[in-house]
Amino acid sequence: MNIVDRRPNPKGKSLSNRQRFLARARAEVKSAVQDALRKRKVADVGHGEKVAIPTRGIAEPSFHHSRRTGRAEHVVPGNKEYVRGDEIPRPTGGEGRSGSQGSPDGSGEDAFEFTLSKEEFLDMFFEDLELPDLVKKSLKETFAVDLQRAGYTVTGSPANLSIRRTMRNSMARRISLRRPKAWELEAMREAIDKARARGAEEEAERLLRELERLEHRSKIIPYIDPLDVRYNRFDRVPRPNTEAVMFCLMDVSGSMTEAMKDLAKRFFMLLHVFLIRRYRHVDIVFIRHTSTAEEVDEETFFYSRETGGTVVSTALEKMLEIARARYPTDRWNIYAAQASDGDNYGADSGRCVTLLGGEVLPICQYFAYVEVGDGMGGSLTGLSRDSDLWRAYGEVAPAHSHFVMRRVSDPSQIFSVFHELFSKGGVRA
Amino acid sequence: MPDTHSASAAMRLEAATPLFSGPNWDYTGLRRVYDAVERIALDELGLDVYPVQVEVITSEQMLDAYASVGLPLMYRHWSFGKRFAYHETLYRKGLQGLAYEIVINSNPCICYIMEENSMTMQTLVIAHAAFGHNHFFKNNYLFRQWTDANGILDYLSFARDYVQKCEERHGAEAVERVLDAAHALKDHGVNRYAHRTKPNLAEERRRAEEWRAHSEATYNDLWRTVPGAGKDKEDPDAAEARLQEIKRELGLPEENLLYLIEKRAPRLEDWQRELVRIVRLISQYFYPQKQTQMMNEGCATFCHYEIMRRLHDKGLITEGSMLEFLHSHSSVVFQPDFDDPRFSGLNPYALGFAMMSDIRRICEEPTDEDREWFPDIAGSGDGYGVLRHAWANYRDESFVLQYLSPAMIRRFRLFHVSDDSTKPALKVEAIHDDVGYRKIRSALSRQYDLSRREPDIQVVDVDLRGDRCLILAHYVHNGVLLEEKSCRAVIRHAATLWGYSVKLLEVDAATDKTLKTYEVAPPG
């Protein structure tokens, strides 16, 4: 006989097969993820349920019998009550699972849905995207310490005592060493009393000796022995302090239609998912504005209607105010996304430019401006004139590589625009 | 084990110290255990095995091995990645433990054992795989007839390299298309009857390499430019004669779809034929395993049980190890009832082990019923001999038909239900009573019969003069048709290989009536 140790063999023998498999499933993963995005709330997207991928494109078909036709026979174990001639209602689902054997070589597995976990699907989703300027902030990161469960240990502080584990050990030991139980002793004492009452002294004497033996036994076998005691063990793992806040700025004046808001919502969703990939904790601040700006909750942000003029600078001011009050830049990475149809009160654009260039952009990691159209052409045709805001922001853009602006008019463009904004190799404004 | 108690007590007096104590294994310990197991297996059970190579692997490598259908090397294909992802998901979620071992029908017999196993488990694994399975592989007639244990590893390594070379030359996508299609037909790429010579995989490999070298050496691009090469006009009579000739040559009807495609598909290139051949030969290699799964596991489980028991009797393993072994053994041979949520068919380990033990019981302590049912072997006293004979000469189907005793039917409380899709309810046809034993036995045997379990599909005709359509027939028994969606998908794959359209007729085997027709044109 030879013994060969194969453990040092190179790892990842299946890696290339796995990559081939994922490449094949890619189209389905993407469509599943996009379906999911459509339905969920901004903050739910990233930590939602898992997305199951049907095995359409990755099915391995083979000829097999249909279970819904003809006459089949099964021999199955475990008969309890049936006699010959009994009728059994067909198991629900009509597939007749009772006794139907899966094919032995595993080819019956086509029915399974291979589930990518959240991490896997987001990885795939964002595989060629990258956060701009991630490096800058990560240099400043401070490290905090997290406690992580790491099994059990026999030493530790009383506060970490694992009662379940300890009692389990204690019970197992008591059972295996046959420690007399309290009620057994009690029953014995009663029996002695009864025997005495009956006058059966000899039997009482015997029982007494037995009782003494048992009592001695229960003394030398303690209820809880130091051997049984277990403590929860925790490891200390350093974690980078990565917290991010995402400002969602949106114009909600009358000129923004529902369709435009929906587009904006999708964009915000993507950004949120993307951020929680990179940061442990992401705050979202919703700021809506007409001629004045206010911080609101998500529901109000997307679904309530407002009327009024449009003064964009108010939103930027609000954002600065909140950032100064709650999100100091030494602890927070600030991202902002602004969605608007491009309308602005004429004299305000200049102020926007000053605010944006002078105060907002210096504290932001990234600022994306998305101009949503109604899909009817409008400024997207390139023939009509640019909107006020677009022109104003256009002045700022060249000087700041972390400021980008894009136009979107149709849900199908959202992902490609997003992709463009965050694709690896830098942002092209 | 009351019957061996006194004997074991006597033996233990002169017994050696246990082979190991504690859960950790090491190489010298493994060797000691192997030697002890080998002595029992060869001298006391009379097993006959290939030389063994034990390979220690990690759990990740075990998952790798799962993915490539248990073979140590395999060509690359996405479906293996899918299998890996599937098993990995289950394993990581804790829904499925990993096997303790994988054993390969090769010479020397390669036996993978996991590093996480305790010494007791390693002992069990060596007894189970390195002796139980190994004996079965070496002696069972199906394996002897259909597989070439000496050549398989070299052939697999050739296959892997060949597929890789094809990918380099023709692109991964083109290779994948052929392999996908061939995989879809692989269950129908086996010869079910021995009318060809035993495979010799070393020869195979040399053949393929020579052919490639030859075609490279004689390749001349000029031939491509000769106008009308190979398209000389023939007179109609000669064409007709040639047609008949070809049809006869095709040997129709043919049930080995991949064989026919490999030899006759009009539009395949040589490398594509070779890929089809690789899939076909590997499929053929697994064919005996599919037919003997229950026996094979039964044989291995029975062997490990006997060997462990004897090791214990000799005092070579401690009481603690024995308990650990019994715990794992009893979960392996656990058979949930049909109405149990854990039920997924008959457990081959449970039925196999029970039948093997039962045969031994019949030989050694028969009841009157056994004498009536098994006059040849009841009371013969040579349980191991009868078992060795059964292991060598039966497959699941015939084994059940021959050896399933009423005692077993009672013990498993087997019952036979028929499921007629035209009726609203299932009907119990037989249970474990005098009237039912034979019925259950033959029904269970049919259930293990691969040629009934898999659809009966044959190539019946090729329209050589017309559109070269390949015509397949599925012979329908008991009205059970093919599952429509997958059937369409497979025919599409068949059309990819054949290059022209493919038609499948569902023909009732009893009346010869065509029940349903599928037709698929080739892609592109």
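Visitor: What percentage of the residues of chain B count as buried?

Guide: The model is a predicted one. Chain B has 524 residues, and its secondary structure comes to 23 helices and nine strands. The share of its residues that count as buried is 44%.

Visitor: Is B:I278 buried or exposed?

Guide: B:I278 sits in helix α13 of chain B, residues 270–291. A residue needs 20 or more other C-beta atoms within 10 Å to pass the cut-off. B:I278 has 25 C-beta neighbours inside 10 Å, so the residue counts as buried.

Visitor: How far apart in space are B:I278 and B:L179?

Guide: With neighbours within four places set aside, B:I278 is in contact with B:A159 and B:Y162. B:L179 is 99 residues from B:I278 in sequence. From C-alpha to C-alpha, the distance between B:I278 and B:L179 is 9.4 Å.

Visitor: Which helix gives the largest share of the side of chain B that touches chain A?

Guide: On the two sides, 78 residues of chain B are in contact with 58 residues of chain A. The largest share of the chain B side is nine residues, and these come from residues 78–93, helix α4 of chain B.

Visitor: How many residues on the side of chain B that touches chain A are charged?

Guide: That side belongs to a contact between 78 residues of chain B and 58 residues of chain A. The chain B residues divide into 38 nonpolar and 22 polar, and the charged ones number 18.

Visitor: What is the bridge partner of A:M246 in β9(A)?

Guide: Strand β8 of chain A covers residues 243–251, and strand β9 of chain A covers residues 281–289. The two run parallel and are joined by nine bridges. In β9(A), the partner of A:M246 is A:I284.

Visitor: How many residues lie between β9(A) and β10(A) in their hairpin?

Guide: Strand β10 of chain A covers residues 293–296 and runs antiparallel to β9(A), with four bridges between them. One facing pair is A:R288 and A:E294, the latter in β10(A). The two strands form a hairpin, and the number of residues between them is three.

Notes: Residues numbered from 1 in each chain as written. Chains lettered and ligands numbered in written order. Predicted model: local features only at pLDDT ≥ 70, side-chain atom pairs only at ≥ 80, totals over all residues. Buried ≥ 20, exposed ≤ 12 C-beta atoms within 10 Å, placed from the backbone. Pairing = 2+ DSSP bridges. Contact = placed C-beta atoms within 7 Å. Nonpolar A, V, L, I, M, F, W, Y, C, P; charged D, E, K, R; others polar.
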